[in-house]
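Dear colleague,

I am passing on the structure below, which you have not worked with before. Please look through it first, and then read the notes that follow.

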Amino acid sequence: MKRIDVHIKVVIDLEDGENERRLAAEICRVIEKVYGVRRAEVSNIVSASGE
């Protein structure tokens, strides 16, 4: 069986007071559950000021 790493960039607009780490953990949990992946992890969170 072949193993690969897939790197995905996700850009999200957060509501005031929403916890970015909690949301990132929830995204990983859903990816693991829906796709049955071995492991999903957050390696970096970058805050961007208005575009």
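**Notes on the structure**

Arg29 counts as partly exposed, at 40% relative accessibility (buried means under 20% relative accessible area, exposed over 50%, and partly exposed in between, with a 1.4 Å probe and protein chains only). This is a predicted model, in which local features need pLDDT of at least 70 and side-chain atom pairs count only at pLDDT 80 or more, while totals for chains, interfaces and linings use all residues. Residues are numbered from 1 along each chain as its sequence is written, and side-chain values use heavy atoms, with hydrogens and water left out.

The side chain of Arg29 meets that of Glu26 in a salt bridge, at 2.9 Å from N to O (a salt bridge is a side-chain nitrogen of Lys or Arg within 4 Å of a carboxyl oxygen of Asp or Glu). Both Glu26 and Arg29 lie in helix H1, 3 residues apart, which is about one turn of the helix, and Glu26 is likewise partly exposed, at 35% relative accessibility. The count of salt bridges comes to 2, and Glu41 and Arg39 also meet through their side chains in one, at 3.5 Å from N to O; Glu41 and Arg39 are exposed.

As for the overall form, the protein chain has 1 helix and 0 strands (helices, H or I of at least four residues, and strands, E of at least two, are DSSP runs numbered from the N terminus). The radius of gyration of the protein chain is 13 Å, well over the 10 Å that the globule rule gives for 51 residues, so the chain is more spread out than a compact globule (the radius is taken over C-alpha atoms, and the rule is 2.2 Å times the number of residues to the power 0.38). The C-alpha atoms fill a box of roughly 45 × 20 × 15 Å along the principal axes, and 6% of the 51 residues count as buried.

Ile4, Val6, Ile8, Val10, Ile12 and Leu14 form a nonpolar one, and Ile8, in the segment before H1, is exposed at a relative accessible area of 65%. Asp13, Glu15, Asp16 and Glu18 gather in a patch of negative charge; Asp16 lies in the segment before helix H1 (20-35) and is exposed, with a relative accessible area of 82%.

Key
Patch = residues over 30% accessible without salt bridge, like charges linked within 9 Å, V, L, I, M, F, W, Y side chains within 5 Å. Areas by Shrake-Rupley, 256 points an atom, 1.4 Å probe, with all protein chains shown as cover. Lys, Arg positive; Asp, Glu negative; His and termini not counted. Charge placed at Lys NZ, Arg CZ, Asp CG, Glu CD.
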